Protein chains: 2
Amino acid sequence: MPEDAPVFERVALIGAGLIGSSLARAARATHAAKAVVVTDASETVRARVRELGFADVVATSAAEAVVGADLVIVCVPVGVQGEVAAEIAPALGTAAVVSDVGSVKGAVVRAMAPHLPAHVHFVPAHPVAGTEQSGPDAGFATLFQNRWCILTPPQDADEAAVAKVRAFWERLGSKVEIMTPEHHDLVLAITSHLPHLIAYNIVGTADDLQTVTEGEVIKFSAGGFRDFTRIAASDPTMWRDVFLANRDAVLEVLGRFTEDLAYLQRAIRWGEGDKLFDLFSRTRAIRRSIIESGQETAAPDFGRHAAAESKPVPIPRPYGGGE
Amino acid sequence: MPEDAPVFERVALIGAGLIGSSLARAARATHAAKAVVVTDASETVRARVRELGFADVVATSAAEAVVGADLVIVCVPVGVQGEVAAEIAPALGTAAVVSDVGSVKGAVVRAMAPHLPAHVHFVPAHPVAGTEQSGPDAGFATLFQNRWCILTPPQDADEAAVAKVRAFWERLGSKVEIMTPEHHDLVLAITSHLPHLIAYNIVGTADDLQTVTEGEVIKFSAGGFRDFTRIAASDPTMWRDVFLANRDAVLEVLGRFTEDLAYLQRAIRWGEGDKLFDLFSRTRAIRRSIIESGQETAAPDFGRHAAAESKPVPIPRPYGGGE
């Protein structure tokens, strides 16, 4: 295959949220697909996709979108992936590859696989990339560059189909890793789901404090709190579904987190500074590794490169569409 | 006073970490001080300050530094502020103003005040600004711009001294608020100390998981974990001291955090999606307020504006000096 030949002929994206709309833009920008078909359950979102012009075809239903597609990527919240699979199943072409972008893999495979006809190849995927913003306006073509995409193909998956899905993601600039759905769910429970839960929780706790006003929380958020609010602004529907679908792994890592926190709490109560110092030194080294691996930069990040800008930037309001 | 007349004649900064070295640079850049004297307990740091050239005078001891200064700002970790106060006390000039930059105020006032002679004016301060980096190289002149600085003067404080300290911080670009040390400590417990504790804790929990490798945690950190590592890379000495000095307020907000987390844990276990959705929607609104207040920008922040840079940026190693 020549370097810039399309990896797939016709890619159908079901759901035009942050991820779906970024995929459409990226697939076109990198010629990973000859044609990109996009649909979304919301008519408002479909109209906006037409205006933004990042799809070759905007289909009015998921079933219509997948006709003739050799790659179908389901980009909707985890909780409705099963329904979408049932809807598209009769319309899927022979030897079509079906994939998704769900943040949970075990539950999603169980929800989607039973609906899919035997003639299609199911290669679940999870691009570990995103921002706190949602909807078709939020997407951009470089979202997946230098980010990891995890594939969780079933053990008997067609090797050629897996290789093509890998090639597709690599074309978008991602690095690809393959693992079992179970291991994926545990890895993401600690690297993504627990951080989001903690962030949502601390923002809620701050909001409920009666001795400190909300105005004070906001004014003085540069002391550290601000860093949590970014991920606590992520799409509520998407995240509700993630926690319900990855319950066991999340409860497992949450149990460990709580246990560790009790240890710190006790160290503070009893004035055991050495225990605090030991942990605080260890965590600094992990940060260094993340920066060295290219998943972050060392640039100090006070107010996100715009401390001097006083004009607030408008925030896109959430769409009902998938992410 | 003309717009650009110096607010103080001679400002002595004890400790040349991130905050002290930023103060020196900012005071010179904005002409807030006619002369800036800097010292640090570490000879290595003092030598580096001479090389960097951001001080008019580099003094070899705290006692030497304060001679002739009309403003002295103690910029060392909270745990050693009392010692520094004792050391400088005999050398302080008549009517000198003494301040600090500690992240805790109640304990610090109790540690410093008894050492200070009656002829000086004590106006404790806390600039709510910083980065995860430490040492004299990490400082920069714009660190305090558009950030809040909290003053906690005693009830009988000299009004003119408080006004001059306020004018000093405003000259550096800060907004100033005055409150009691007790209220400060509660506000910062929720906006800064608890977030740091939680961040340190989750990074430690991830590091200890045996079913997920450290390499995996780092690779997939873009899923949310990465956001926590920034503040978990903050100076260990400074933060150990903060938790020991603000024990009661930290334990109070930590208790509420843990209680709220148990509620979420139960909602996940019992599949109560509506409870999760309600909280996740509420927290999004708080983020919006923080952005509207200018303490953050809405720019999506995947990999901190440098996703395409593959070259790791060297991270300054921690100095022993204060922050």
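The model is predicted: local features need pLDDT of at least 70, side-chain atom pairs count only at pLDDT 80 or more, and totals for chains, interfaces and linings use all residues. Residues are numbered from 1 along each chain as its sequence is written, chains are lettered from A and ligands numbered from 1 in the order in which they are written, and side-chain values use heavy atoms, with hydrogens and water left out.

Two helix pairs are compared below. Helices (H or I, at least four residues) and strands (E, at least two) are DSSP runs, numbered from the N terminus. Axes are lines fitted to C-alpha atoms, for helices over the stretch in contact, and angles run from 0 to 180 degrees between N-to-C directions.

| Helix pair | Angle | Axis distance |
|---|---|---|
| α7(B) (181-208) and α10(B) (236-245) | about 120 degrees | 11 Å |
| α7(A) (181-208) and α11(A) (247-269) | roughly 65 degrees | within 9 Å |

The angle in the table makes α7(B) oblique to α10(B), a class for angles that are not under 35 degrees (roughly parallel), over 145 (roughly antiparallel) or 65 to 115 (roughly perpendicular). Residues B:S192, B:H193, B:H196, B:L197 and B:Y200 of α7(B) meet B:W239, B:V242 and B:F243 of α10(B). This contact has 5 nonpolar, 3 polar and no charged residues; Ala, Val, Leu, Ile, Met, Phe, Trp, Tyr, Cys and Pro count as nonpolar, Asp, Glu, Lys and Arg as charged, and the others, Gly among them, as polar.

In chain A, the residues of α7(A) that meet α11(A) include A:L186, A:I190 and A:L194, and their partners include A:V250, A:L254 and A:F257. The contact of α7(A) with α11(A) divides into 11 nonpolar, 1 polar and 2 charged residues.

Chain B also holds an open sheet of 3 strands in the order β7-β8-β9, with mixed pairing; two strands pair if DSSP finds at least two bridges between them. Its edge strands are β7 (125-127) and β9 (175-178), each pairing on one side only. Strand β8(B) (148-151) runs parallel to β9(B) and is joined to it by 4 bridges. B:L151 has B:I178 in β9(B) as its bridge partner.

Note on methods:
Contact means heavy atoms within 4.5 Å.
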